[in-house]
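Visitor: I would like to learn how to read a protein structure. Please take me through it one feature at a time.

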Amino acid sequence: MPGCGLGGMRTSDSWTGAAAVARLWRRQSCGARPWQLRWQPVCASTELMLSGWLKQQPCSAQQPRALFADRQTHGRGQRGRVWQSPIGGVWISAALPWFDAQCSAGIFGIAVAVALAERLERRGVPVSIKWPNDLMVGNRKLAGLLPRLVHRGNRVRLARIGLGLNVCNRVPREGIALDELLRSGQCQPLVWMAEVLCALDRTMDLAGRADWVCAEAERRLWTKQVRDPKGGELWDVIGLGLDGSLLLSQGSRTMRWTRW
């Protein structure tokens, strides 16, 4: 499997895959932590590949790790749904050192969404956050993410994230890709792989800042009302809890949705 550490790339690597992402990330000077990167042209699932990598070589306490694929054949999204992952998008699974013992998977996922939204907004993409795990442009999905925390006893050992971003790939009718929103020169998948790493650097910096993360996510929320999938009732969105839950009201009634 091709791979490189950002601190010492092999000179024999051509500027493709992990080496190219490493070079682009270093140009951005986004973070002080060196990444361990691997890239696959095609795999069944980046989540499965990352799990195997972590089993063979446990992650250090300081160094984040990410695995990219040009294409996944059996990607899985929320609740086991098929995650379409054709060539032209960014498909990544990452493991991040995490030291916020009070953090929940929900607030970690919201922090990733906010950090990626910031990177997209820098390029002029009008993105919003559809709770709990999608980035939207209008009514069309641009990106999705699946967060989870890995515990050792009562301590959080790692934060893991699976993320997909449509860049210049085919998308379903309800989706949208960056090549519909930006000039062609701004829609190179390798560039956006580096941008995702920058967003994850930012996410690690946001550990322990749940108040700020919630405030930033709330002003980007995609809708002010949601429909209960069980009873069909409409609820007003009040905001987000510090665990990443969605806070709802209906007259004097209140409710909290959690997903992870």
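Guide: Start with burial. A residue is called buried under 20% relative accessible area, exposed over 50%, and partly exposed in between, with a 1.4 Å probe and protein chains only as cover. R219, with a relative accessible area of 57%, is exposed, whereas E216, at 14%, is buried. Note that this is a predicted model, in which local features need pLDDT of at least 70 and side-chain atom pairs count only at pLDDT 80 or more, while totals for chains, interfaces and linings use all residues. Residues are numbered from 1 along each chain as its sequence is written, and side-chain values use heavy atoms, with hydrogens and water left out.

Visitor: What percentage of the residues in the protein chain is buried?

Guide: Of the 260 residues, 52% are buried. For the surface, accessible areas come from the Shrake-Rupley method with a 1.4 Å probe. The protein chain exposes about 12600 Å², and 48% of that comes from carbon and sulfur atoms.

Visitor: How many helices and strands are there?

Guide: Helices (H or I, at least four residues) and strands (E, at least two) are DSSP runs, numbered from the N terminus. The protein chain has five helices and twelve strands. One of the helices is α4, residues 189-205. The expected span of a helix is 1.5 Å times one less than its number of residues. With 17 residues, α4 reaches 25 Å from its first C-alpha to its last, close to the expected 24 Å. In α4, 13 of the 17 residues are buried, so this helix is largely enclosed by the rest of the structure.

Visitor: Which residues of α2 are buried?

Guide: They are T46, L50, W53 and L54.

Visitor: What covers the buried residues of α2?

Guide: Contact means heavy atoms within 4.5 Å. The cover includes β2 (36-40), β3, β4 and β8. Across the protein chain, 60% of the contacts between residues at least 6 apart in sequence join residues at least 24 apart.

Visitor: Which residue caps the N-terminal end of α2?

Guide: That is S45, which has a side-chain oxygen 3.2 Å from the backbone nitrogen of E47. Such a pair is read as a polar contact, meaning N or O atoms within 3.5 Å; within protein, one must be able to donate a hydrogen and the other to accept it, and residues adjacent in sequence count only if both atoms are side-chain atoms. Q72, in the loop between β3 (65-69) and β4 (90-97), has a side-chain polar atom 2.9 Å from the backbone nitrogen of T46. The side chain of Q72 also makes a polar contact of 2.9 Å with the side chain of S85. At 11% relative accessibility, Q72 is buried.

Visitor: How many salt bridges are there?

Guide: Side chains of opposite charge can pair when their charged atoms come close. A salt bridge is a side-chain nitrogen of Lys or Arg within 4 Å of a carboxyl oxygen of Asp or Glu. The count by this rule is twelve. In one of them, E47 pairs with R160, with the closest N and O atoms 3.4 Å apart. E47 lies in helix α2 (residues 46-56) and R160 in strand β8 (residues 155-165), so the pair ties together parts that are 113 residues apart in sequence. E47 is partly exposed at 24%, whereas R160 is buried at 4%.

Visitor: Which residues are linked in a network of salt bridges?

Guide: The network links E121, E216, R219 and R220. Within it, E216 and R219 meet at 3.0 Å, N to O.

Visitor: Where does S245 lie?

Guide: S245 is in the loop between β10 and β11, and is buried with a relative accessible area of 1%. Its side chain makes polar contacts with the side chains of D243, at 2.6 Å, and R256, at 2.8 Å. D243 and R256 also form a salt bridge with each other, at 3.5 Å, N to O.
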